[in-house]
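Here is a walk through the model you are about to see, written for someone who likes to know the cut-offs behind each term. Take your time with the view, and follow along residue by residue.

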Amino acid sequence: MAADGDSADARGGVSVTLRFEDGAERRIVVAPGQFVLDAALAQGVPLIHQCRSGNCSTCVATLIEGESATAPGRPVALLASEAAAGRRLLCVSYAHAPSVIREHYPATPIDAAAAPRRFSATLGALARPNPKVAIFTLAVADETFAFASGQYVRIRIPHTDEWRSYSMASAAHELPAMTFIVKLIAGGAMSEYLLRAARPGDRLEIEGPRGAFVLRRSRGQHVFVAGGTGLAPILSMLDAIRRRPGMRPPMLPSFGCSRDAEFFARDEIELRRWWMPELRAILSAGRSDGADDGLRRGNPVDALDAARSTRPAPPPICAARPR
Amino acid sequence: MNSGDRTAGGGAPRGSIAPSRQYQPYLEAAWGFKNAWYPALFGAELSKNVVAGVTIAGHEIALRLVKGRVHAIRDRCAHRGVRMSLRPRCFADDTITCWYHGFTYGLDDGVLKTIVASPEDPLIGKVRIRTYPVEERAGIVFVFVGDEEYAPAPPLAADLPIRIADDANPVAHLLDENVHVRGVHRRVESNWRLGVENGFDPGHLLIHWDNQIVAATDRRMGLGALPISEDAIKIIDEPNGPKGMMNMYNLRAYKFYMENAVIGMKARGKKPYYARTSVFLPGLLLVEHWPIPGWAQYEWYAPIDDRRHEYWEVLVGRAANDAERREAEYLYETFFEPLALKDFNDNDVFAREAMRDFYESRGGWDAETLCAFDEATIVWRKVAARFNRGIQEPSARRAERPRASRWRRTATARTRAAA
């Protein structure tokens, strides 16, 4: 696509088309006095760059059409012959006219989040904390697989073309292992596989990661509300907070199940309470089956409101038995 | 995530499926706990205008003393990544200059102030290397090692032992007035956790059974101590203060074994002495009334990387005037350092280095067989798992010093070829 002059914005900026090696194009507007790289970054096009001062040449690109020049008086790490051939260091280059600039790399890596990949994974352990819930682990051999807590993958049920989506219940620092929590449904494809066919060592295909429900950084109290197997992304986020840099914020997860007989993951939550003094947990069940289980009554949102005024004692250290 | 992360802890895939150990985060902390104060050097080791490089929990740090104040800054030039401490170069009181091309950074903010070879360079003012909070107390330079965004750093006292209150003659605290502080530090070839766990281990007295200090003082030292009541191990959780645990040897909470009838072995010595051990985050030991009553021994096991730690052995005693200081110095030189810090503690260093292979290469954290007195070790691991301020991420590589010269090797190779 050729550069056109009609997209100059109200501030008098010019339109610049960035053409990537794989044919992808991104259109940005570069204001007078603004460097092309700065404009691209500001407009959500994450070009590869480093020094931002014309020294390192990481951001070198080629001017195909239009007019783009280096800021006057700025010595840059380009030979005169390279400049004559259209090379520009975008971190110190203006755009004086609508232009087309070719990048020497594909857009794919910078769009990776939008383009999930497929990986092979191996089934590890499989457990059923109660008749309605299964927990299993997968190991991904590929070291390039990464994800953010809160994201999910699609998993192909072996020997079928059926795919199901599950959030990771573990955090990225546990890779290559990932944990999943699945609600078992009679006749469900994944449920049937897990209950009848699954064996440790099975190969499964996964696709991802996907999803934009991820943690945002803030210092205020983090409140999480989860019901049933919806606990998975919350556990992952709590583990990510434990291992991320800086001070941990106060955390208040409220987790409930519809009946107390179906309550699960109590040990997992207790462990995280032990590991993070900043974490309070509210556990609830909608209906009681009669046992004195220490769970609050109601759904996790109601339990959250009721619990906010109380402050529980820290968990016991359980020193008597090793491990 | 790098590969070091993927293998941290080792063993089977974790996650919520197999019940994690309560001290799982401790197993993840091969490179140490971050966001904590660690000793870096004795103040006396930093003479004026000399830059010293240290590595703590994988953080490479350059220290420089200027006008009585120590500065700590990342010991890697942003330009070509060399350690600036390899050839200290300082031209002004408020900067440090890399010896290679002269990148010159402000000591207070780490900002690139100039480049000797390129004074008009556009990088100037834009590039920055990080700095570290640093405090010199009682002759020891402490650095707050961890995330730069973990600010403000908690007070140093939060990462030191508690002040002893339950003792008729409490030992001095490092931060007290009128204390005499002397000690040594040395590199030990084992993970830092093996250092900590050796320090307060109630069952390891066999390695000290025939030590010089025990014989010379006729000290009645048991063969081992077993916690026998609920209050044997006290959890220390001071609000905004030290976290750790104490072996309450002052209570009737431990059973002391003075002989083992099966092999006919008896404890040596006749004179009873009282001492007590406690351990604190991020990994330091206090021994009260050791080597003699009234003195305290502090030990830090500052991680260098995941395989080595800097072992700090520091004695703290009271000395209010010159005469007492001379006496303390005499005791230190003629008694404490040779008998306690060297002979006695050499046995602990031997034990830690002997454990290294098992814990590093043979799955020791899963394969160990802990016994009754190891309850103290388990409680420490759980306390550490709860109260640490973060797990240090592994560095890409362990720090290595460059070879000064290869000429000798080349000459040797030629000689061999000629022969």
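Predicted model: local features only at pLDDT ≥ 70, side-chain atom pairs only at ≥ 80, totals over all residues.

Residues are numbered from 1 along each chain as its sequence is written, chains are lettered from A and ligands numbered from 1 in the order in which they are written, and side-chain values use heavy atoms, with hydrogens and water left out.

Back to Glu28(B), which forms a salt bridge with Arg242(A), the closest N and O atoms being 2.8 Å apart. A salt bridge here is a side-chain nitrogen of Lys or Arg within 4 Å of a carboxyl oxygen of Asp or Glu. Glu28(B) sits in helix H2 (residues 24–28) of chain B and Arg242(A) in helix H4 (residues 231–243) of chain A, so this pair joins two chains. Helices (H or I, at least four residues) and strands (E, at least two) are DSSP runs, numbered from the N terminus. Arg242(A) is buried too, at 5% relative accessibility. Glu28(B) also meets the side chain of Arg243(A) in a salt bridge, at 2.6 Å from N to O. This pair again crosses between chains, from helix H2 of chain B to helix H4 of chain A. Arg243(A) has a relative accessibility of 8% and counts as buried.

How many salt bridges are there over all chains? The count comes to 47. One of them lies within chain A, where the side chains of Arg154(A) and Glu207(A) meet at 3.3 Å, N to O. Arg154(A) belongs to strand E8 (residues 152–156) and Glu207(A) to strand E11 (residues 203–210) of chain A, so the pair ties together parts that are 53 residues apart in sequence. Which of the partners is buried? Glu207(A) is, at 7% relative accessibility, whereas Arg154(A) is partly exposed at 24%. Both take part in a network of salt bridges that links Arg118(A), Arg154(A), Arg156(A), Asp161(A), Glu205(A), Glu207(A) and Arg210(A).

Strand E11 of chain A also contains Pro209(A). A cis peptide bond joins Gly208(A) to this proline, with omega about 0°. Another cis bond runs from Leu175(A) to Pro176(A), where omega is near 15°. Pro176(A) is placed in the loop between strand E9 (163–167) and strand E10 (177–183) of chain A. As background, most residues other than glycine have a negative phi, and most peptide bonds are trans.

Now turn to chain B and strand E20 (residues 276–280). Five of its five residues are buried, so the strand is largely enclosed by the rest of the structure. Arg276(B), Ser278(B) and Phe280(B) point one way from E20(B), while Thr277(B) and Val279(B) point the other way. In a regular strand the side chains alternate between the two faces of the sheet.

E20(B) pairs in the antiparallel sense with strand E15 (residues 243–247) of chain B over three bridges; two strands pair if DSSP finds at least two bridges between them. In this pairing, Gly244(B) has Phe280(B) as its bridge partner. Five bridges join E20(B) to strand E21 (residues 284–288) of chain B, again antiparallel, and Arg276(B) has Glu288(B) as its bridge partner in E21(B). E20(B) and E21(B) form a hairpin with three residues between them, and Gly283(B) in the turn has a positive phi of about 140°.

His289(B) lies in the loop between E21 and strand E22 (296–303) of chain B. Its phi is near 60°, a positive value in a residue other than glycine, and His289(B) is buried, with a relative accessible area of 7%. Lys67(B) has a positive phi as well, near 50°, but at 72% relative accessibility Lys67(B) counts as exposed. Look for Lys67(B) in the loop between strand E3 (59–66) and E4 of chain B.

Technical notes
Buried < 20%, exposed > 50% of the residue type's maximum accessible area, 1.4 Å probe, protein only.
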